[in-house]
Every structure is written in structure tokens, then in C-alpha cells.
Amino acid sequence: MNHSSNQRPASIPSAVTRSLSANRWLGAVLLLIAGGLQTLTFAPYYLWWLGPVSILLILLVCVPLVSGQLFRAGWLTGLGLFASGASWVYVSISQYGNTSQWIAILLTALFVAGLALVHGLAFWFWGRLARYSAVRRLLLFPAIWILADWIRGWLLTGFPWLYLGTAHTDGPLAGLAPIGGVHLVTLAIITTAVAAYGALWLILQTRHTLAATVVVAGLLPWLIAPALNRADWTTLAQEPTSVAAMQGNIPQQIKWDPEFLKDQIVAYLGMTEDHWNTDIILWPETAIPIPQDKAGKIIDHINERLGENSTLITGIPWYGFSERSEGFTFHNSITALGAGEGIYHKQKLVPFGEYVPLEKYLRGLIGFFDLPMSSFTPGPKNQSALTANGLRIMPFICYEVAYPDFLARNAYNTDLLLTISNDGWFGDSIGPLQHLQLARMRALETGRYMLRGTNNGVTAIINNKGQITERIPQFERAVMTGEVYRASGSTPYMVTSSWPVLTFALILIVFVRERVIPKP
């Protein structure tokens with residue numbers, strides 16, 4: 001049987017879907033809105049319930065479209081999401097990147113439009129797999145979305161930001177995170193929207209019993225997850241560990257200025273004055289803004305002041321000879337001093353902020369390609385945890401906390417998670433608050449406390465359920481004190497990472513493509 005490439009699949013037979021299919025501009029606007037609604041599910045808005053609403057709106061527009069229109073539809077969806085949720089990169093490019101306003105706007109637009117291509121290609125592939133069947137499209141959509149998210153997490157170093165499941169650090173699906181990670185939570189959200197679309201379709205066909213069954217199936221994760229959230233997948237120690245974290249609120253404009261080096265060190269030493277005997281003292285990313293080979297006097301002074309059982313952990317660049325690269329390398333690093341030991345080199349570097357792709361072609365073109373400290377080398381894989389007073393602490397530097405599988409793998413057989421950052425690059429945008437929420441999701445996925453130290457906020461203690469127990473607001477110079485608890489054991493997600501969810505998505509594609517509905 002021959003089919004035209006312009007043949008539309010069946011959809012909800014209503015005036016709404018017919019008007020959406022016929023009016024190209026209305027559909028485009030609704031897809032942009034649907035993408036923007038997803039940003040509202042994350043911090044600082046926390047409107048998690050808009051997740052299924054957004055996906056349902058996307059399905060209402062897209063299911064009736066011919067396959068040739070789906071690339072554009074996916075790209076518009078991604079454009080709405082990233083333009084509203086990730087355009088905070090403009091702040092770092094414009095305010096701190098020594099770049100003109102118009103060039104900053106252009107680079108931000110290219111960044112957003114490029115990220116949206118992942119959605120466009122995913123929707124195109126969705127159309128290729130299910131050209132003529134609305135049922136097949138509905139069944140395939142959750143798998144396509146999950147695989148697109150996963151690909152976006154590693155392609156070109158990855159941008160694992162704005163996953164729908166992250167919104168449920170404060171939502172009813174949080175209990176799924178320790179089992180299957182953020183991708184399982186996202187899968188539940190997408191499946192709920194698909195069930196809602198299918199139920200509407202069946203109701204309009206007066207198949208009410210089957211519609212009720214579909215509704216119940218779509219609601220099952222929302223009914224089960226709250227009970228799962230009460231389960232303890234890891235065991236917390238009875239005795240707490242005292243912590244003190246210093247938030248220096250050093251202006252980004254002077255962060256790397258040698259004239260202000262002494263002032264910065266004096267500021268952190270002053271804030272630490274009453275806390276030298278705390279079990280763990282934390283300074284943020286590059287709190288010591290010179291390489292360790294030039295910071296000997298500072299390190300010696302810290303070691304002299306620390307109590308016998310106290311450990312100070314700080315961000316500090318590292319410069320030295322590397323046997324792996326057979327040359328001298330420069331790392332963004334974190335080190336433990338005093339009663340602890342170990343040094344960790346950041347593995348997941350931020351493009352342009354910490355290294356410049358195609359460096360020999362881009363250096364010198366504009367100020368943004370010549371940012372201070374943008375010549376780091378990624379650290380080796382499988383680095384050891386830091387130690388502090390008998391605790392095994394797995395550190396992550398800034399952007400690394402966004403990678404769910406990377407963090408879960410490295411957190412295995414450790415007692416405590418720790419992350420340091422300098423979100424000063426993004427001013428008072430929503431970016432730093434989204435970053436905090438990502439750290440909360442990682443703590444929830446691994447069932448471990450996470451100690452978070454930042455230059456200008458939000459410094460926080462996050463418990464094993466992803467909830468903040470102590471915090472310092474943004475843009476304040478202050479000291480946070482509190483307690484953390486070591487955790488033993490592993491969550492199911494730490495053992496399997498995202499592979500069960502990804503495998504399910506692949507099986508679903510094969511099964512639906514080959515079995516459920518005969519090929520046209």
C-alpha cells in the first residue's frame with residue numbers, strides 16, 4: 001500500500017487539533033510556549049505540575065502533523081525551552097566575557113538554537129519511525145524523549161541541564177529518583193501526558209472503560225512514588241560530622257586580579273577564624289586563585305591553624321607535570337588539607353569557560369575566547385575520593401554535578417558528596433538556582449548528604465532526600481555551620497545508572513516498530 005509523505009496520522013478528532021494542524025503559526029507559538037512552560041517547573045519557580053501539561057500540549061500539536069513537519073516542531077519546542085531556561089549564558093558572555101552586547105546576543109542565540117537541534121532531530125526520528133499511526137506515535141514518544149535527553153547529556157561534552165525529572169526534587173515523583181535516576185522521573189512525566197492524550201482520544205470515541213484504564217496506568221507512578229520516597233535505600237551514621245562552609249562573595253571582576261589576591265585569602269582566613277576545629281571546613285571553587293605550586297605559604301599557614309582532627313577542603317588550580325600527557329598540565333582542582341588528604345582534578349570542563357575548542361583558531365578573536373583560567377586540562381577518570389577524618393568524600397567541581405550517571409558512578413563506595421562552584425559567572429540569573437537544584441537531585445539519586453560550597457551562593461547542606469537543611473542566600477559573605485551524616489550502601493540507581501531506563505526505551509522502539517502495528 002502506498003502512502004504519501006504528506007499523509008497525516010489519525011489524532012484526536014476535534015476542532016482543537018484540526019485548527020492546530022491547519023494554522024501553522026498558532027502551532028508554532030504553542031510549541032514555543034510548551035517549551036517555556038518546562039522552565040517554570042524548575043527552580044526558582046518549582047511549578048512541577050506544568051511538566052505533564054507541557055508535554056500534553058506538545059502532543060496535541062505534533063501528533064496530527066505529517067512526518068516532514070516534525071523536525072521544525074521539535075526545534076521550536078527546544079527553542080522555547082532553552083531560550084527561557086538556559087539563556088543565562090548571556091550574563092557570563094556579556095558581563096564577564098569582555099564581549100560587546102550584540103556579539104553576546106548572537107552567541108547566546110547560537111547556543112540556544114544549537115541545543116534546540118537535538119529536539120528537532122529527535123522529533124524527526126520520531127516521525128520516521130511512526131509516519132502514519134497516531135497510536136504508534138504515542139507509544140514511541142516517551143522512548144524518543146528519554147533517548148534525546150541522554151544524547152544531549154554527552155554530545156559535544158554534553159549539556160545535561162533542564163531534564164524534566166529534575167523538577168521533582170520538590171514534587172511527588174521524587175521517590176523514583178533513587179531507583180532509576182532523573183531519566184526515570186522524566187519517563188513517568190512523559191508517560192502521564194501520553195496517557196492523558198490517549199484517554200481524551202478514547203473518551204471522544206466513547207470507549208470510556210478503556211479510557212479509565214489508561215488514566216489509571218498514567219497515574220500509577222504518582223501513586224507509588226510518594227511511598228517509595230519514604231524508603232531508606234542507604235543507612236546514615238548515628239554520629240554527625242560538623243561542617244563549616246565559607247561563602248566569600250568575591251566579585252567576579254576581581255577574582256583573578258593579582259592585586260586583590262591577598263584580600264581574598266585574608267577574607268577566607270578571617271571567616272574561618274572561629275571554625276578551625278570543625279571536622280570539615282569548606283572553601284569554594286578556586287578560593288585560592290593561584291596554582292598550588294605558588295601557594296606554599298598559604299597552604300602551610302592553613303595546616304598550622306587547623307585543629308588536630310580538622311580538614312579544610314578548598315578549590316585551588318593545580319599546575320605540574322603529568323605522566324598521562326607527558327607534559328605540564330593545568331587543572332581546576334580541589335584538595336584536602338590537615339587531617340584529610342587527596343587532590344581531585346575536574347573531569348567535565350565547561351567549553352570556553354575552562355577550555356576553548358578549536359583553540360588555535362578562536363583565541364584572540366573576541367574577549368570571550370580569552371577568559372581567565374580557560375586553559376584547563378580535564379582530569380583522569382576513576383580518581384580516588386578525598387579523605388577527611390576517616391570519611392571518604394567524593395568531590396565534584398561546579399558543572400560536574402549536572403551529570404547524573406557520572407556522579408552516581410563516582411559516588412559508589414563513598415560516605416559523603418561534596419561540590420564546589422563559582423556561580424558568580426551568572427549573576428542574579430536563574431542559572432545558579434537551577435544549578436543548586438541539580439545538586440539536590442544528585443543527592444536524592446544517591447541517598448547521600450551533599451555539602452555544597454560556592455563563592456556567592458547558594459552554599460548549602462543537602463540531605464539524603466535532596467532537601468536543604470542549611471543554606472546561605474546568594475550575594476552574602478557569610479559562614480554556614482551545620483552537620484552532615486555519612487551514608488553506607490547504595491541506591492538501585494547507583495548500581496545500574498540509567499541503563500535500565502535506556503534499555504527500556506530501546507526495547508520499546510523495537511517492539512512498537514516491529515510488533516504492535518504492522519508496517520505500512
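Tutor: Start with Cys 398, which is buried at 12% relative accessibility. Buried means under 20% relative accessible area, exposed means over 50%, and partly exposed lies in between, with a 1.4 Å probe and protein chains only. This is a predicted model: local features need pLDDT of at least 70, side-chain atom pairs count only at pLDDT 80 or more, and totals for chains, interfaces and linings use all residues. Residues are numbered from 1 along each chain as its sequence is written, and side-chain values use heavy atoms, leaving out hydrogens and water.

Cys 398 sits in the loop between strand S9 (391–397) and helix H13 (404–411). Helices (H or I, at least four residues) and strands (E, at least two) are DSSP runs, numbered from the N terminus. Phi of Cys 398 is near 55°, a positive value in a residue other than glycine. Most residues other than glycine have a negative phi, and most peptide bonds are trans.

Asn 413 lies in the loop between H13 and strand S10 (416–421). Its phi is positive too, near 65°. Asn 413 is exposed, at 54% relative accessible area, whereas Cys 398 is buried.

Next, the peptide bonds. The one joining Gly 457 to Val 458 is cis, with omega about 10°. Val 458 belongs to the loop between strand S11 (450–454) and strand S12 (459–462). A cis bond also runs from Ala 43 to Pro 44, where omega is near 5°. Pro 44 is in the loop between helix H2 (24–39) and H3.

That brings us to H3. Helix H3 covers residues 50–62, 13 residues in total. From first C-alpha to last it reaches 18 Å, close to the 18 Å expected at 1.5 Å a residue. The expected span is 1.5 Å times one less than the number of residues. Of the 13 residues in H3, 12 are buried, so the helix is largely enclosed by the rest of the structure. Among the buried ones are Leu 50, Pro 52, Ile 55, Leu 59 and Cys 62.

Follow the chain out of H3. Val 66 occupies the loop between H3 and helix H4 (70–85). Val 66 is buried at 6% relative accessible area. Val 66 and Phe 475 are 409 residues apart in sequence and 50 Å apart in space, C-alpha to C-alpha. Further on, Ser 94 is part of helix H5 (residues 89–95). Ser 94 is buried as well, at 19% relative accessibility. Leaving aside residues up to four places away in sequence, Ser 94 touches Thr 99 and Ala 104. Contact here means heavy atoms within 4.5 Å.

Finally, the whole. The protein has 16 helices and 15 strands. Its radius of gyration is 25 Å, close to the 24 Å that the globule rule gives for 520 residues, so the protein is as compact as a globular protein of that length. That radius is taken over C-alpha atoms, and the rule is 2.2 Å times the number of residues to the power 0.38. The C-alpha trace spans about 80 × 55 × 40 Å along its principal axes. Buried residues make up 57% of the 520. Take contacts between residues at least 6 apart in sequence: 72% of them join residues at least 24 apart.
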